[in-house]
Amino acid sequence: MSRTIAGKGKRHAASVAVIAASLGLFCSTGLAGAQNYPQGRPDYAAQARPQNIFEAMFPGLIQERLRRQRAYNPQPPVDAVPIQKISAPQYYTYKARPLAPIDLASLATTLPEPADNSVTGAVAQPAAETAAAPAPAAEVAPVASAEAPKPAEAVAPAAAANAAPSGETASPAVTASDLPPAVASPDAVTASDLPPVNPAGDTAANAAESTSQEVSDQMVAGTALASGGAAPAASVAETETGDTPAVASAQPASDQPSSSSEVVSAELPAIGGQGAPQSGASADSAVIASELPAIAETPKETAAVAADPAPAASTPVAEAPQTAPTDAAPVVAVSTPAEPVAEPAAAVSTPQSRHLAYQRVASRFADLALVAEPEIGKAIAKFYGDKQELIWLDDDLQPNAAARAVHEVLVSADRYGLDTADYSVALPEAADAADNSPARLDAAARFEIAMSARAIRYGLDAALGRVDPNKLSGYHDFPAKKLTAADVLEKLAGNDPAEALVAFQPDNAPFKALVAELGRLEGQRDQAIVIPEGTLIKPDQTDPQVPNVIAAIAKRGSSELKAQFAALLAADAPPQTSFTPEVVDLVKAFQKENGLGADGIVGRNTIAKLSDLGVETKRERIVLALERLRWHPRDLGSRRVFINQPAYRARYIENDRTKLDMRVVVGTTAHQTSFFYDTIETVEYNPYWGVPKSILVNEYLPKLRENPAYLDERGYEVTDAKGRQIASSAIDWWSVGSNPPYDVRQSPGEANALGELKILFPNKHAIYMHDTPAKSLFSRDQRAYSHGCVRLAEPRQMAAAVLGTSVKHVEEMLAKGHGQDELAHQFPVYVAYFTAWPKDDGTVEYFSDVYKRDKALGKAISAVEAERNVSG
């Protein structure tokens with residue numbers, strides 16, 4: 001037995017000796033490391049390897065040894081690489097686009113000659129001379145009877161009241177030679193000789209004819225004229241252009257031959273195609289107009305003589321054709337008194353008249369001084385140079401109907417949250433159409449170009465916004481829209497420019513609801529209860545805001561609360577400024593009712609629930625919301641996720657109806673969530689968290705220099721540039737600067753920062769929606785606590801919604817471990833920032849400006865308006 005005991009003792013002694021030797025080795029190694037550490041940078045890879053059997057058996061001992069070594073060496077090595085933290089995105093001082101003169105000098109033209117003081121270019125006769133001009137002489141042929149035709153005497157053509165345009169000769173009136181062969185005759189033609197012909201050239205069965213009494217009456221009138229008796233003058237009918245009245249129709253000289261005979265056309269039925277006159281035909285006899293079928297294919301320039309008689313002296317008459325006989329007697333059209341006098345028709349615009357109007361305006365382009373955004377100026381110069389047409393002026397250089405309609409859109413720009421001063425264009429004063437004075441043409445040219453410039457600006461502002469969001473800060477990230485000034489101008493030159501201009505505004509339900517709210521606020525009185533920011537009222541204090549606190553609770557509290565504190569909230573209750581115990585109890589009840597900490601102190605969160613926003617503040621927030629919506633797609637999509645950072649909420653929406661609404665946590669003011677939109681692609685289950693470079697450098701690198709095993713201790717994986725996994729304790733973090741050549745990720749698990757899933761929409765900001773283990777933050781009113789990503793209060797429900805599946809499916813995928821689902825149909829997510837936003841029913845809610853972006857955008861809009869007001 002003694003041997004056994006002795007043997008056991010020896011074995012125990014040997015074990016103790018081994019343990020003692022190991023401990024000695026551990027201690028000596030540890031101390032040696034601690035003593036040698038200050039002399040230079042240690043070999044981290046060697047230090048991280050087990051140095052004795054115990055460290056091999058218990059890796060935690062390695063971390064303890066390294067910790068002890070750091071305790072002896074708090075100072076960094078002399079050659080340590082300095083850490084340059086990765087800075088957060090910056091806010092910029094917004095610079096508005098400078099305006100530049102619109103260069104139209106190369107498009108200037110010389111006013112067409114002759115300067116005839118008319119829009120159409122027709123040479124006008126002085127009124128007095130025209131009235132006094134004698135009518136050309138003519139012979140009146142007696143009307144032959146139906147029984148025995150007699151030779152007709154020549155009837156001189158009446159002169160046209162309107163002279164032909166410059167370079168053209170007034171055409172003679174229609175003569176018998178212009179009639180079909182059946183009508184043209186050397187003898188006078190009566191109604192009985194002419195078969196009626198319809199436009200198709202067929203003879204009518206019941207041809208129209210005059211009675212014998214009508215023929216007799218007309219013969220008597222003709223005889224009286226031939227004998228020199230007074231006769232009524234022909235009434236004035238209007239030419240097609242409607243510029244000046246005419247006695248007889250005028251045709252271009254190239255279309256009609258000269259003749260000494262004339263057909264008075266007041267009573268002619270139409271003659272169609274089969275009875276076309278022969279070129280060069282002539283006749284010696286006049287045809288009484290009241291007895292002849294009318295010629296259907298009369299050129300547009302030919303005008304009829306009106307039926308009502310009028311004094312000859314008041315009828316403007318142009319010079320007679322050269323072929324008219326000088327000794328002819330005056331000609332008078334014979335008509336029935338029952339025919340009314342025709343009203344003057346509106347002038348008909350022709351390509352020639354429009355081009356002439358453009359030339360008159362373009363003659364002043366060289367002296368025109370207007371400024372606009374450079375791209376707008378270039379678009380205007382190219383358009384007018386190519387088209388050589390006016391958009392906003394008629395042939396008389398007066399604003400046309402399109403101009404007046406577009407002008408109404410411009411002056412009501414504030415309806416859509418725009419500034420009407422940015423699109424101001426004065427309508428030119430009414431002026432004589434024949435005025436070719438430089439001042440009048442200058443005004444016309446200025447109006448035409450200014451209307452185009454301001455309408456284009458409106459279109460671009462309506463579609464794109466007045467401010468380029470990407471120039472506001474690095475937190476704004478929006479793709480450029482493909483809309484140019486030339487695109488807008490092409491739309492304005494279309495059929496309905498006013499409608500096209502309004503159509504540039506966004507077309508989605510939130511925009512329309514905000515516009516409606518803006519209209520509702522117009523004219524409202526400001527009855528808001530406002531408690532100033534920074535107010536802090538504690539029990540037993542006296543403060544001038546106590547009456548406002550009581551009034552706000554009376555306005556916003558529930559009916560139960562109002563009943564409980566009826567005496568204190570009564571309208572006739574005496575005002576007080578003391579924060580008495582009764583008022584404290586009232587505040588606590590209100591705080592509890594609104595999910596706040598019921599401490600009875602009126603601070604920031606309580607004030608946010610109590611204070612109203614003034615009408616002007618609401619209006620400003622809506623204007624900014626409308627501006628921000630213009631940075632987004634015109635159509636937001638039938639399916640979408642909308643995250644509104646100031647509201648701390650995320651909504652899943654289908655067909656403009658919210659299907660899911662939940663609380664979210666967004667970035668802190670130091671790590672703001674960016675403002676952008678993208679496309680949801682993937683749901684990842686039990687995800688890894690890839691640590692962003694900014695977090696690795698700014699937050700982890702200082703800790704790793706103090707404790708190289710910091711990442712190992714917390715379950716992070718570190719891989720080098722070749723993808724090989726290494727221990728963080730094996731890296732010399734003192735040699736790592738602001739661009740570590742390592743990737744760090746956290747393994748899935750309960751401690752993972754992303755929780756159990758994340759919803760990916762890949763973007764350069766590394767922002768996504770995800771779960772979080774820090775659930776308590778969702779109970780707070782102000783929820784800006786993340787590094788920029790969006791934490792979801794109900795991640796499984798959101799994952800099921802975007803996948804179009806059930807929560808059960810999501811749970812089954814989570815149970816399988818790490819994995820992912822791809823969306824069958826991708827759709828947009830808007831990581832947005834709106835301090836005013838409508839609910840589904842159109843009611844607008846207002847939120848605090850957590851990142852002070854309203855202030856930055858307001859300054860940018862002011863900069864744009866200042867540039868426009870100074871430059872024009």
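Modeller: Start with strands β7 (residues 639-644) and β8 (residues 649-654), which pair in the antiparallel sense over six bridges. Two strands count as paired if DSSP finds at least two bridges between them. Helices (H or I, at least four residues) and strands (E, at least two) are DSSP runs, numbered from the N terminus.

Biologist: Which residue in β8 is opposite R639?

Modeller: E654 faces R639 there.

Biologist: And what does Y648 do in the hairpin?

Modeller: Y648 takes a positive phi near 55°, in a hairpin with four residues between β7 and β8.

Biologist: Is this an experimental model or a predicted one?

Modeller: This is a predicted model: local features need pLDDT of at least 70, side-chain atom pairs count only at pLDDT 80 or more, and totals for chains, interfaces and linings use all residues. Residues are numbered from 1 along each chain as its sequence is written, and side-chain values use heavy atoms, leaving out hydrogens and water.

Biologist: Back to β7. Is it mostly covered or mostly uncovered?

Modeller: Mostly covered, as five of the six residues in β7 are buried. Buried means under 20% relative accessible area (1.4 Å probe, protein chains only), exposed over 50%, and partly exposed in between.

Biologist: How many bridges join β7 to β19?

Modeller: Four, and β7 runs parallel to β19 (residues 819-832). One of the bridge pairs is F642 with Y830 in β19.

Biologist: What about the chain overall?

Modeller: The protein chain has 24 helices and 21 strands. Of its 872 residues, 44% count as buried.
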